[in-house]
Amino acid sequence: MKNKKIAYLQCVTCKKQYQADEIKYTCSVCGPVHGTLDVIYDYRYVKKHLTKEHLHKSGEYSHWRYLPLLPVFDEQLIQPLKVGWTPLYHHKRINSKLKLPLLFLKDDSGNVTASYKDRASSVAIVKALEEKYEGIGAASSGNAGASIAAFAASAGLPCYIFVPETIPEPKLAQLQAYGAQTMLVKGTYDEAFDLCMKECAKNNWFNRNTAINPYLAEGKKTGALEICEQLNWDVPDLVFVPVGDGCILSGIWKGFKDLNEIGFIDRFPQLIGVQAEGSAPLVEAYQKGLHEACEKNVSTIADSICVGYPRDQVKALRAIHQSGGIFISVSDESIVASIRFLAENSGIFVEPAAAAAFAGMQLMLENEKIKSSQKIVVMLTGSGLKDIRSIL
Ligand SMILES: *Cc1c(COP(=O)(O)O)cnc(C)c1O
Ligand SMILES: [Zn+2]
């Protein structure tokens, strides 16, 4: 399909450029993991069609308000489900408890399937329909699967989800309700991922796997666009992001970079990538100064970030380095404590992976690495109702 928006797709490692219609997933030279692609727009085109004035007058209260900066060619294929334009809470009670007057909470539990993944799935379904696929496959710890299952149901496309059999029940319930063909894998998320890759290729399903499909990061960047707009085009000093595969982190970084390309912002936040102690291959790679992560055996109560071999590691490490941020890890105990602290003091109930980002912020606060004058955003990426085991 012809388009004016996208200039080219570019490999993160060898920098080779591709036209949008000449490649689907990863760089043909570098392959998966090292050959993830960035979607580069024709920013002159974007600037003409997306202005602060347009946004100010926009009645589109979803992430589709940024349509000129999203890789969608046929708007008719957008599903009517709620995604994005989620609250950025400036919560007095929790801020005064923490003595952080400029703390903001980006709460994505209000998306249609109650996690940040809907931002990516809403874009993925359009690409699958534009390219006339007859099925979609995804590997997931639960949220990505539940999310694409909802969008596939909305569009009437069959959907095949590979999840570890340890998936929390509420996420499994979502998959069943949406009628997804669910494969419960006796193994880890990483094993489910490899299996899904094979099945997508064999059956010619559209592949919604993270860090394989370049358009997912475009959906995941919209949190950053919203944060800046909601701060009246100011830029936070620090943004805390929970990290499994690293796709939310790298997506958010792309969002800030795109805003800078079109002249909406003139500085960048430092990104803080937060992993669980029992699943921290990116923290280790960062601390050792490596540009890639080693595969690990992992375990944490935060199932959404329990990832032994982060698939978007190259972009995630790049995002931390370019933004001057850091990777840190938090214990499972501190994650549970943060779920409670946040819920009791703000009324926001999040799942363990989201609480990890908050716990990371609290850890840096305790260690006096945060100043009360700093503008801080914590990404709350999923609802507490998605995994109730740890709080019960
Ligand atoms: C998927 C997910 C994450 C981690 O995102 P990655 O792109 O894998 O790093 C964090 N929180 C929640 C709730 C998620 O579903
Ligand atoms: Zn390459």
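The legends below describe several close-up views of a predicted model.

Local features are taken from this predicted model where pLDDT is at least 70 and side-chain atom pairs count only at pLDDT 80 or more, while totals for chains, interfaces and linings use all residues. Residues are numbered from 1 along each chain as its sequence is written, chains are lettered from A and ligands numbered from 1 in the order in which they are written, and side-chain values use heavy atoms, with hydrogens and water left out.

**View 1. Four cysteines hold the zinc ion (ligand 2) as its protein donors.** The donor atoms are the SG atoms of Cys11, Cys14, Cys27 and Cys30, lying 2.3 to 2.4 Å from the zinc ion; donors are N, O and S atoms within 2.8 Å of the metal (3.2 Å for Na, K and Ca), and because water is not among the atoms, sites may look incomplete. The four donor atoms subtend angles of 108 to 115 degrees around the zinc ion (ligand 2), so the arrangement is tetrahedral, a word used for four donors if all angles lie between 85 and 135 degrees. Along the chain the donors follow the spacing C-x2-C-x12-C-x2-C. Cysteine 11 belongs to strand β1 (residues 6-11) and cysteine 27 to the loop between β2 (17-18) and β3 (37-41), so this pair ties together parts that are 16 residues apart in sequence. Helices (H or I, at least four residues) and strands (E, at least two) are DSSP runs, numbered from the N terminus. Both cysteine 11 and cysteine 27 are buried, where buried means under 20% relative accessible area, exposed over 50% and partly exposed in between (1.4 Å probe, protein chains only).

**View 2. An open sheet is formed by three strands in the order β2-β1-β3.** The pairing in this sheet is antiparallel, and the edge strands are β2 and β3, each of which pairs on one side only. Two strands pair if DSSP finds at least two bridges between them, and β1 is joined to β2 by two bridges. Leucine 9 stands opposite tyrosine 18 in β2.

View 3. Leaving aside neighbours within four places in sequence, lysine 127 is in contact (heavy atoms within 4.5 Å) with Pro71, Phe73, Phe206 and Tyr215. Phe206 also belongs to a cluster in which ring pairs link it with Tyr25 and Tyr133.

**View 4. Tryptophan 253 and phenylalanine 268 form a tilted aromatic pair.** A search of the whole structure finds ten aromatic pairs. In the pair shown here the ring centres of tryptophan 253 and phenylalanine 268 are 5.1 Å apart and the planes stand at 50 degrees, so the pair is tilted; rings of Phe, Tyr and Trp (its six-membered ring) pair if their centres lie within 6.5 Å, and planes under 30 degrees apart count as stacked, over 60 as edge-to-face and the rest as tilted. Tryptophan 253 lies in helix α10 (residues 247-261), whereas phenylalanine 268 lies in the loop between α10 and β11 (270-276), so the pair ties together parts that are 15 residues apart in sequence. Tryptophan 253 is buried, at 4% relative accessibility, whereas phenylalanine 268 is partly exposed, with a relative accessible area of 33%.

**View 5. Strand β13 (residues 376-380) is mostly covered.** Five of the five residues of β13 are buried, with Ile376, Val378 and Leu380 pointing one way and Val377 and Met379 the other way. Strand β5 (residues 103-107) runs parallel to β13 and is joined to it by five bridges, and aspartate 107 stands opposite leucine 380 in β13. Strand β10 (residues 238-242) also pairs with β13 in the parallel sense, over three bridges, and leucine 238 has isoleucine 376 in β13 as its bridge partner.

**View 6. Helix α9 (residues 222-230) is largely enclosed by the rest of the structure.** Eight of the nine residues of α9 are buried, among them Thr222, Leu225 and Glu229. Just after α9, asparagine 232 takes a positive phi of about 60 degrees.

Definitions and conventions. Tetrahedral: all angles 85-135°; square planar, octahedral: opposite > 155°, others 65-115°.
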